[in-house]
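Here is a short briefing for a first look. Keep the sequence and the model side by side while reading.

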Amino acid sequence: MPKGYWISVYRTISDPEKLAAYNKLAPPAVRAGGGRVLARGGRVVAHDAGIAERAVLIEFDSFEQAVAAHESAAYQEALVALSDGVERDFRIVEGID
């Protein structure tokens, strides 16, 4: 079964306090949903139309598990805390078997 991935690239961070609140709530929600953080922050080199900002990559055992974790009440609470504090490109993608 192909794995699922959350890929999130932050274009701008306009409210660091909201991001901090999100960062307290999101990790436990991700772990509860079976997610494993593979990359968060750190160095970024951007090419083409990319922006060298904060990037996050989280792996799940399946695409369905990744979708369910995003829809969970705990993660939705984290999103409320984040609200308009950032502009990001967030995707859930299916891996290759």
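Predicted model: local features only at pLDDT ≥ 70, side-chain atom pairs only at ≥ 80, totals over all residues.

A search of the whole structure finds four aromatic pairs. The largest pocket has a volume of about 170 Å³. Two residues other than glycine, Asp48 and Ser83, have a positive phi.

**Aromatic rings**

- Trp6 and Phe90 form an edge-to-face pair, with 5.3 Å from centre to centre and 65° between the planes.
- Trp6 belongs to strand β1 and Phe90 to strand β4, so this pair ties together parts that are 84 residues apart in sequence.
- Trp6 is buried, at 2% relative accessibility.
- Phe90 is partly exposed, with a relative accessible area of 23%.
- Tyr22 and Tyr75 also pair edge-to-face, because their planes stand at 80° and their ring centres are 6.0 Å apart.
- Tyr22 sits in helix α1 and Tyr75 in helix α3, so to speak two distant parts of the chain, 53 residues apart.
- Both Tyr22 and Tyr75 are buried.
- One aromatic cluster takes in Trp6, Tyr22, Phe60, Tyr75 and Phe90.
- A charge meets a ring elsewhere: the charged end of Arg54 sits over the ring of Tyr10, 5.3 Å from the ring centre.

**The largest pocket**

- The volume of the largest pocket is about 170 Å³.
- The largest pocket is lined by 17 residues, and the closest to its centre are Tyr22, Ala26, Arg40, Val56 and Ile58.
- β1 (4–13), α1 (16–32), β2, β3 and β4 each give at least two residues to this lining.
- α1 supplies the largest share of the lining, with five residues.
- By class, the lining holds 12 nonpolar, two polar and three charged residues.

**Positive phi angles**

- Most residues other than glycine have a negative phi.
- Asp48 has a positive phi, near 55°.
- Asp48 lies in the loop between β2 (36–40) and β3 (55–60).
- Asp48 is exposed, at 85% relative accessibility.
- Ser83 has a positive phi of about 35°.
- Ser83 lies in the loop between α3 (73–82) and β4 (86–94).
- Ser83 is partly exposed, with a relative accessible area of 42%.

Terms used: Residues numbered from 1 in each chain as written. Heavy atoms only, no water. Helix = DSSP H or I, 4+ residues; strand = E, 2+ residues; numbered from the N terminus. Buried < 20%, exposed > 50% of the residue type's maximum accessible area, 1.4 Å probe, protein only. 1 Å grid on protein atoms, 1.4 Å probe; cavity = no way out; pocket = protein on both sides within 12 Å on 5 of 7 lines; lining within 4 Å. Points joined across faces, edges and corners; volume = space filled by probe spheres on them. Nonpolar A, V, L, I, M, F, W, Y, C, P; charged D, E, K, R; others polar. Phe/Tyr/Trp six-rings, centres within 6.5 Å; stacked < 30°, edge-to-face > 60°. Lys NZ or Arg CZ within 6 Å of the ring centre and 35° of its normal.
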